[in-house]
Every structure is written in C-alpha cells, then in structure tokens.
Amino acid sequence: MAPRADGIEVIWAVSRLSRARVECAAVDGLNSTIACDPFGFVPQGDTVLRVRLDGLVPGNSYRVRTITTATDDEESVTSDWKSFRTLDPDAASSHFVVWNDTHRNDLSIQQLNTITPAADFLVWNGDTCSDCEDFNKIVPALLHPGGCDISAGRPLCLLWGNHDVRGPHAFRMPGIVATPTGRPFYAFRSGPVGVIFLHTGEDKPDNDPSFHGRVAFDALRAEQAAWLAAVIQRPEMRDAPYRVVFCHIPLRWTDESPQDYTKSYDRFSERSRAIWHNLLVAWRTQIIVSGHTHRATWIPPTEEWPYGQLIGGGPEPERATWIEASADGTELRFRMHTLAGKILHNLTFPPLA
C-alpha cells in the first residue's frame, strides 16, 4: 500500500498480539530485513501490523514477505513472497487502474479483482465501506476485501469516501491503512502523469446532526487548498505532460441545484470546489476521477469548467465499473469497463505543451 518512488508500506492483519519483521529482496539479489519501528520497537500489534520501507530505487522490482510471531505461544507464520514495483517518475509511460464505491460488496470485489490487470498502482477511490459502525468489520473490509489480496500486482492507493468517515469507529481507519505521507491527501508523479489525491469529506455540512459532532472537514478542505497551492509548483507536478486528480465526491455534476439536507445529500462537493477550483484550473487539470453517485458518467470540460469529470458506477455487480488508464508520449487514455466487459467511456487527452 501507499506506493512511492523510494518505497512502500507493508500492512497485514493479525488475529492476536504479535511481533514481526519484513524481508525485502531486490531483483539484483540484495536482501534486507526491517525489524524496527520509528520508536525502536519491533513492529507489533493485536489487529494490524505495518512496516514502512524506505530507500528503495525508483522503478525497480522487489519482493517482500513477513515473518509474524505470536507473543503468547511463539507460533510463527512466514508469508509467501509478494512482488511489487516502486513508482518511476522518469518512466516513459504509466498504467493504472481505478475502483470506487465497492461498499463491502464481496461479489463485485471478487469479480473486480479477477478482471483488473496488474498495473503501476490501483486507486480505490472511496466508499470502501458502507459505514464504520463495527470495528471488527473494518480490518477485513480494508485489508482482505472479499477474501482477496487486491494489491497483488498493483500497489494500492486509497482515498477516503464519505461512507469511510461515517460511524463511531471511522477515526480508527488511518491506523489500518497507509498513504505515502501519512495524510489523506497526497500527490506523486508516475511516468508522464502528475497525480493528485484529494479528500472531499462528507456529503453534508459538518454541523449536520447525523454526524453527532464527529467531523470537521471544512478545516481539512482549507488545509488541502494551502497544500495544493504549493504542490502544483513542485517541478515534477508543474512540468507533468498529463494531470489527473482523484477525489471521491465529484466536483461537478449534471444537476447542481441546492440540496435539502433533511431529504438528500450532496451529489457534488461544492464546498471543496469553491476553494480548490482556481488552483485546479491553474494547474491545468485535465480530468477529475470520482465515484459517489453510483452512476457512471462523463461530464466534458467547458470554458467555465476546463477539467472533465469522470464518475464510476455503484457497488452491485450490474452497476460496478473499473477504469483502466495509460499514458505515453502520445496520449493519456481512460477506458471505463463494466464487469461484463462493455466499455462505457473511452477518453483520450493530448500531452500539455
């Protein structure tokens, strides 16, 4: 999870209090063992273990395995080796895939896992869960969804959706999953593609009574605006030939009339757009990829809204979609597929001059 040019984070679930180490092997045969956390402890925990790998070579292939030992009886389990490739900002091409709004639908997740090809990274674009009411359901939903290893062959980039932040145990989710920076918003370069991940928060105002005082997303949106102003000036982002933004709730929708929150919810994140729009235009964003509405939709760019908005489908197998994107020196391509193999949208973008 949380791929970077110089590393990745290894996360796995355990059934009781355990300690562990991670072994990492490069294609050149050099091995290393990581057995220390940032505070000097051997990684340990009773639900989730996680180890951050640093100092790896961009665009290089590695394999990792975990050695986990229960603290009560010393039972030890060694995992199979698992391969991955670090991101490469200087690569000539990039290939990535996108899911959204799986909502713990095991049948859809299993089919998605089967038909989605290996890629530089997989974006799980929010609403991985339907709620976070039961903590015991969160770990398998995130680390072993549908009984699948969804990150095999495609390191996982996770984005929070509005349902992922809903419920009394939602605050525990950051301890179970990882992002490259430890924050729910981040950016990186994958070959010719600059990629920005933004957290759109909930689909109603922070003071909505249904949230019971648990959320404060207006402050997080403002923090992201300040961060976005800086990140689009980084050379690797400023000079990217292609520019893609991921966020769970769309920033545009087909009907933008005001909502009655006693009966409905935001179809698009107007609060986010109000403070991000000018920055996204300044960065020359080409496409924003979202979920949330459960309606596969493409909204082309206009003079007022110069970025296009692509939205994936819903959780049920008949509504689920997956997106495959690839970029090289010629074009950036997005294809949205149904589980049955139909292509709903086929989009191309030229490189920016």
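**Strand β12**

I began with strand β12, residues 186–190, and found five of its five residues buried, so the strand is largely enclosed by the rest of the structure. I note here that this is a predicted model. Next I asked which way the side chains of β12 point. Y186, F188 and S190 point one way, while A187 and R189 point the other way. Residues on both sides are buried, R189 and S190 included.

**The hairpin**

I then looked for the partner of β12. Strand β13, residues 193–198, pairs with β12 in the antiparallel sense, over five bridges. I picked S190 and traced its bridge partner, which is V193 in β13. Two residues lie between the strands of this hairpin.

**Nonpolar cores**

Which residues touch the most other members of the largest nonpolar core? I176 and I196 do, in a core of 56 residues. I listed the contacts of I196, leaving aside neighbours within four places in sequence. Y186 and A187 are among them, and so are W227, L228, V231 and I232. The list also includes M237, V244, V245, F246 and W283. A second, separate core has 26 residues, including V193, V195, Y242 and I287.

**The six-stranded sheet**

I turned to a sheet elsewhere in my notes. Six strands form it, in the order β11-β10-β9-β18-β19-β20. The sheet is open and its pairing is mixed. Which strands stand at the edges? They are β11 (156–159) and β20 (343–349). Each has a single partner strand, so one side of each is left without a neighbour in the sheet. Neighbouring strands here are turned by 15° against each other on average, direction ignored.

β18 and strand β19, residues 332–338, run antiparallel and are joined by seven bridges. S326 stands opposite R333 in β19.

**Helix α1**

I checked which residues of helix α1, residues 106–115, are buried. They are S108, I109 and L112. Seen down the axis of α1, they fall within an arc of 100°, so they line one face of the helix. What do they pack against? I found β9 (94–99) and β18 (321–327). Both strands belong to the six-stranded sheet.

**A histidine in a loop**

I looked up H294, which sits in the loop between β15 (287–290) and β16 (297–299). Is H294 buried or exposed? It counts as buried, because its relative accessibility is 18% and the cut-off is under 20%. I listed what H294 touches, not counting residues up to four places away in sequence. The contacts are D101, H103, G312, G313, G314, P315 and R319.

**Two cysteines**

I finished with the cysteines. How many disulfides are there? The count comes to zero. A disulfide needs the two sulfur atoms within 2.5 Å. From the other end, the closest cysteine sulfur to that of C132 is in C129, again 4.8 Å away and too far. I also checked burial: C129 has a relative accessible area of 0% and is buried. C132 counts as buried too, at 0% relative accessibility.

Note on methods. Residues numbered from 1 in each chain as written. Predicted model: local features only at pLDDT ≥ 70, side-chain atom pairs only at ≥ 80, totals over all residues. Heavy atoms only, no water. Buried < 20%, exposed > 50% of the residue type's maximum accessible area, 1.4 Å probe, protein only. Helix = DSSP H or I, 4+ residues; strand = E, 2+ residues; numbered from the N terminus. Pairing = 2+ DSSP bridges. Arc of directions from axis to C-beta. Contact = heavy atoms within 4.5 Å. Axes fitted to C-alpha atoms, helices over the stretch in contact; angles between N-to-C directions. Core = buried A, V, L, I, M, F, W, Y, C linked by side-chain atoms within 4.5 Å.
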